[in-house]
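Colleague: Hi! Could you walk me through this one?
Modeller: Happy to, have a look here.

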Amino acid sequence: MEAREQEFLEYVQSGGQVETSDWMPDDYRAKLIKFIEMHGNSELMGVLPEREWILRAPTLQRKLALTAKVQDEVGHSQLIYRVVEDLGKPREQCLEDLISGKAKFHNVFHYPTKTWGDVGVIAWLVDAAAIISQKALLKCSYAPYARIMKKICWEESFHILHGRDVILTMMNGTDEQRELVQEALNRWWGPLMQFHGNPIAKEEDPMYIWRIKSQGNGEARQQFLDGYVPQIWELGLTVPDPNLRKDDDGAWEFSEPDWGELKHVVTGHGPMTEERLGLRRATRDETEWVRRAVLAQAA
Amino acid sequence: MIYEVFRQERKGQPFTHAGSVEAPNGEYAESYAREQFGRRGESVALWVVPRSAVHEIDEFVDELERNYHRVDGYPLKEKLKEARERAGTAGDR
């Protein structure tokens with residue numbers, strides 16, 4: 001590592017922050033683009049499981065809330081792609097790489113939403129897991145990303161309330177509704193436990209070394225379990241893992257998440273990957289004329 | 001084109017940088033900025049400025065060592081100690 005790069009590394013490791021116009025090592029820039037682009041892709045793909053339920057939402061209020069949430073998430077992807085663009089990768093290129101299957105997005109958005117119970121579990125627990133990751137980005141060494149995360153976390157706080165409200169309403173409803181929530185939890189527990197990634201030691205995680213994120217994968221998972229398992233239990237729901245317990249030191253023990261499944265899914269082989277990317281491709285083609293018309297009219 | 005957006009949270013407060021939007025002209029930039037940074041009542045006003053109109057200055061060279069208009073230009077500790085010794089009040093505190 002050359003001296004300038006070493007100096008940069010020490011700077012970010014001691015809490016220093018970097019602006020777009022500052023010098024940065026090529027490796028740091030490449031890691032930032034990859035990480036932030038995947039986040040932008042996940043926001044954009046993350047609306048699809050919920051979009052599928054806008055037409056089937058049980059009440060008008062739920063329909064409106066879901067629509068607003070979809071607008072928020074698409075807005076997040078726009079803000080995040082802006083950050084990527086300033087680092088040197090154009091938004092059009094990000095979208096191309098996404099729909100061609102070259103770029104990745106989060107594992108949880110590759111799965112189907114079978115019932116309204118899934119919508120509740122996604123809005124509550126998937127968002128909760130995501131907020132834990134996102135809060136660890138508020139101190140990101142790349143300042144423009146850290147700043148935009150503030151706004152995103154603020155909006156996510158509404159989403160998690162919306163999710164909890166959906167779940168509580170169903171839990172206070174009929175046996176059939178409670179059953180839907182339990183079944184959805186059973187379906188989502190595996191992907192949720194995989195969500196924060198393999199338990200690589202943070203000292204060996206390049207994203208932590210460069211202080212792009214401020215906590216390790218294992219820590220994030222513990223924080224998720226600590227915050228949400230008690231909330232799941234108090235509703236009378238069962239977590240589908242017989243080995244889940246808190247040990248005497250306050251750390252959660254659990255069955256090893258299926259890392260093979262995680263890898264298989266995020267490399268483009270999830271149950272809904274092809275269908276959802278196909279929808280993105282189709283809408284991109286269908287709306288081509290809108291982009292052309294806007295640019296022509298604005299010129 | 002890139003437009004930088006500044007927002008004011010409440011009347012009387014300073015405008016702070018909110019983020020940026022990409023738009024083909026000022027009119028679209030305004031409508032994108034309104035959607036991104038104002039739709040939940042989080043702002044009472046926005047400034048939408050083409051990035052090229054923002055002149056950034058990030059070097060401040062103090063050639064003349066003009067520390068006389070800053071707090072660090074007045075290190076009084078040593079002088080106070082000497083003055084107290086001169087006045088014979090150094091042990092009074």
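Colleague: Which residues of the largest nonpolar core touch the most other members?
Modeller: L125(A), A129(A), Y145(A) and L192(A), out of 59 residues in that core. A nonpolar core is a set of buried Ala, Val, Leu, Ile, Met, Phe, Trp, Tyr and Cys residues joined through C-beta atoms within 7 Å; buried is 20 or more other C-beta atoms within 10 Å of a residue's own, with C-beta atoms placed from the backbone.
Colleague: And which helix gives the largest share of this core?
Modeller: Helix α5 of chain A, residues 116-135, with 11 residues. Helices are DSSP runs of H or I, at least four residues, and strands are runs of E, at least two, numbered from the N terminus.
Modeller: This is a predicted model, where local features need pLDDT of at least 70 and side-chain atom pairs 80 or more, while totals for chains, interfaces and linings use all residues. Residues count from 1 along each chain as its sequence is written, and chains are lettered from A and ligands numbered from 1 in the order written.
Colleague: New topic: in what order do the strands of the chain B sheet come?
Modeller: β2-β1-β3, an open antiparallel sheet of 3 strands. Strands pair if DSSP finds at least two bridges between them. The edges are β2 and β3 (45-50) of chain B, each pairing on one side only.
Colleague: How many bridges join β1(B) and β3(B)?
Modeller: 6, and β1(B) covers residues 2-8. Y3(B) sits opposite P50(B) of β3(B).
Colleague: How many residues does each chain put into the contact?
Modeller: Chain B gives 8 and chain A gives 7, contact being C-beta atoms, placed from the backbone, within 7 Å.

Methods. Two residues are in contact if their C-beta atoms, placed from the backbone, lie within 7 Å. A residue is buried if 20 or more other C-beta atoms lie within 10 Å of its own, exposed if 12 or fewer, and partly exposed in between; C-beta atoms are placed from the backbone.
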